[in-house]
Amino acid sequence: MDGREAQISNSAGSKRGGWITFPFIAGALAGLTLATGGWQSNLIVYLIEVFNVKSINAAQISNITNGCINLFPVIGAIVADSFLGSFSVAAISACISLLGIILLTLTTILDPLRPHPCDNGSSLCTPPSTVQYAVLYTGLALACIGSGGTRFTLATMGANQFDKPKDQGIFFDWYFFTFYLALAVSNTVIVYIEDNVSWRLGFGLSAITNFIALALFFFGNRFYLHDKPQGSPFTGLVRVIVATIRKWKAKLSSNIEDYYFGHDGIAGIAPTTKKGFRFLNRAAFKTEGDIGSDGLIAKPWRICTIQQVEDLKSLIRIFPLWLSSIFLSIPIEVQASLTVLQALNMDCHLGPHFQIPAGSIQVINLISTSIFLTIIDRFLCSMWQKLTCRSPKSLQRIGLGHVLNILSMAISALVESKRLKIAQAHHLQDQPKSIVPMLALWLFPQLVLVGIGEAFHFPGQIALYYQEFPISLKSTSTAMIALIIGISYYLSTVLIYLVRRFTGWLPDNINAARLDNVYWLLVVGGVINFGYYLVCASLYKYQDVEKGVENLDTSSDTDK
């Protein structure tokens, strides 16, 4: 097993790795997800009600924290691959998460760590002090970093416990089922406790579940197979760029023997050399002094293998599609924040006795995604295969996700227009915290639709990147989804800032805002992005499964 310990016996005579590790990894995942969801999903409400933060500013802070949670997995994956290994990164990150949640819990317990509550009916509230902001932001930063460092690292570590791809596939199914289930529980049970019992108890439960998850994770250490750092593959990609620049004036050859394929030459299975981006072949072009007498690289920053060159080419080819996925996710993140603000000013009752917490409204998205993932897997894919005699391609699933996302934004605009008309009819536009007599159930269709869209494009993106990324970057390929979501959160924050800067659509009083115009803006952007995606998808060619070396013809018109 490359990069891992061999299957060895412990003192009890049982082997490390395998399904015996699953309860510990899944339990740790469930506890950490409950802990993160307990504070993350209700953060906007907490900032508004406890820290007296303006509604739009609260949404911006929430977007930034969500972006951090989804960006850090990439950093964690690089650190795990290059230096520490998955177990160490997950353990350290879980400890950091616990420290962050403890700080957040202290803001609910100690009066000096939060501002005085607003007087009933008063719009003049005491803003947080510098010290209060410092404690809050420190807690959020630690909690975000800790959560991001465990989310995908645990998945990689869990898959490393198995040799057979079938077992790894089953593990991933149960891993994501555990993740979605824990997230749904945190978005309902813990959020309900925070809104109806106390913030102190809700955040305290988050800290307790984080501690239990950490203890369970450490308890299973004697059963784990530990992956060993192999060095970052990104170093090889940077070497390709540097070597290409340093040999920019070199005249390329059409003889494959003039290129470096590795220590074993081209005797083994040679990587397929594509016709595009041939100027990068300079990085593998052998010149005097590049290769030592033993056949190994003598100058690492002047020569690379053809495989490293082709790895970089693969990333360049898929980058336009990856970019379109970022602009696909931006409307989803904007909608997630604005929907909570809408729910705060709507009637959230389900019947005479039960009220949906505003922070839990997004659980409808999670439920619809989970249900439709099953429907797609069990019914739609098989029906498509019977009708077309082939399985649906990743690009087709992503394209359908684009369409459903655009429809969801359009429905959001129509629902918000109706909410504003009701607010105006009841003369509530000048009352910031008044409840519009309109059921929050009206928000369900847009959330269900965006959830169905995610069920199509989210697995489609994972499958596309895993299939098309270089072998050396297979682990990183799955983390690219987190990177997309993280960047989207930050760009959604920028978008909201620009809308506030140049329009009057987003005042702090939601009842006097024009969220419908924001949603229509997202529709227009979604249509443009979908057109861009169609162009990229039509030009993209899936990786060749056959191995071999194409002609390294280097005519002058294709070198640069």
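This is a predicted model: local features need pLDDT of at least 70, side-chain atom pairs count only at pLDDT 80 or more; totals for chains, interfaces and linings use all residues.
**Entry 1**

I began with K313 and E310, which both lie in helix α9, three residues apart, about one turn of the helix. I took helices (H or I, at least four residues) and strands (E, at least two) as DSSP runs, numbered from the N terminus. Residues are numbered from 1 along each chain as its sequence is written, and side-chain values use heavy atoms, with hydrogens and water left out.

K313 and E310 form a salt bridge, with 3.1 Å between the closest N and O atoms. I applied the criterion of a Lys or Arg side-chain nitrogen within 4 Å of an Asp or Glu carboxyl oxygen. Both K313 and E310 are buried; I read buried as under 20% relative accessible area, exposed as over 50% and partly exposed as in between (1.4 Å probe, protein chains only).

I also looked up L323, which is found in helix α9. L323 counts as partly exposed because its relative accessible area is 26%. Its C-alpha is 9.1 Å from that of Y533, although L323 and Y533 are 210 residues apart in sequence.

**Entry 2: other salt bridges**

I found five salt bridges in the structure. In one of them, the side chains of D111 and R114 meet at 2.6 Å, N to O. D111 counts as exposed, because its relative accessibility is 51%. Another joins D508 to R500, the closest N and O atoms being 3.3 Å apart. D508 is partly exposed at 33% relative accessible area, and R500 is also partly exposed, at 30%.

**Entry 3: the chain as a whole**

I recorded 14 helices and four strands in the protein chain. The chain has 560 residues, of which 52% are buried. I took contact to mean heavy atoms within 4.5 Å. Among the contacts with a separation of 6 or more, 82% are between residues 24 or more positions apart. The chain exposes about 25800 Å², 65% of it supplied by carbon and sulfur atoms; accessible areas come from the Shrake-Rupley method with a 1.4 Å probe, and for residues only the protein chains shown count as cover.

**Entry 4: nonpolar cores**

I defined a nonpolar core as a set of buried Ala, Val, Leu, Ile, Met, Phe, Trp, Tyr and Cys residues joined through side-chain atoms within 4.5 Å. Which members of the largest core touch the most other members? They are W39, L154, F217, L321, L341 and Y465, out of 129 residues. Helix α9 (residues 306-344) gives this core its largest share, 15 residues. Beyond its neighbours within four places in sequence, L341 is in contact with I44, I48, S55, I56, A59 and I510. A second, separate core of seven residues includes I376, L449, I452 and F456.

**Entry 5: cysteines**

I counted zero disulfides, requiring a pair of cysteine sulfur atoms within 2.5 Å. C144 is in no disulfide, and the nearest cysteine sulfur, that of C68, is 4.4 Å away. C144 is buried, with a relative accessible area of 2%, whereas C95 is partly exposed at 33%.

**Entry 6: a surface patch**

I noted a nonpolar surface patch formed by W19, W174, F177, L181, V185 and V189, with about 590 Å² of accessible area together. Patches are made of residues with over 30% relative accessible area and no salt bridge, like charges being joined within 9 Å and nonpolar side chains (Val, Leu, Ile, Met, Phe, Trp, Tyr) within 5 Å. W19 is found in the segment before α1 (22-40) and counts as partly exposed at 36% relative accessibility.
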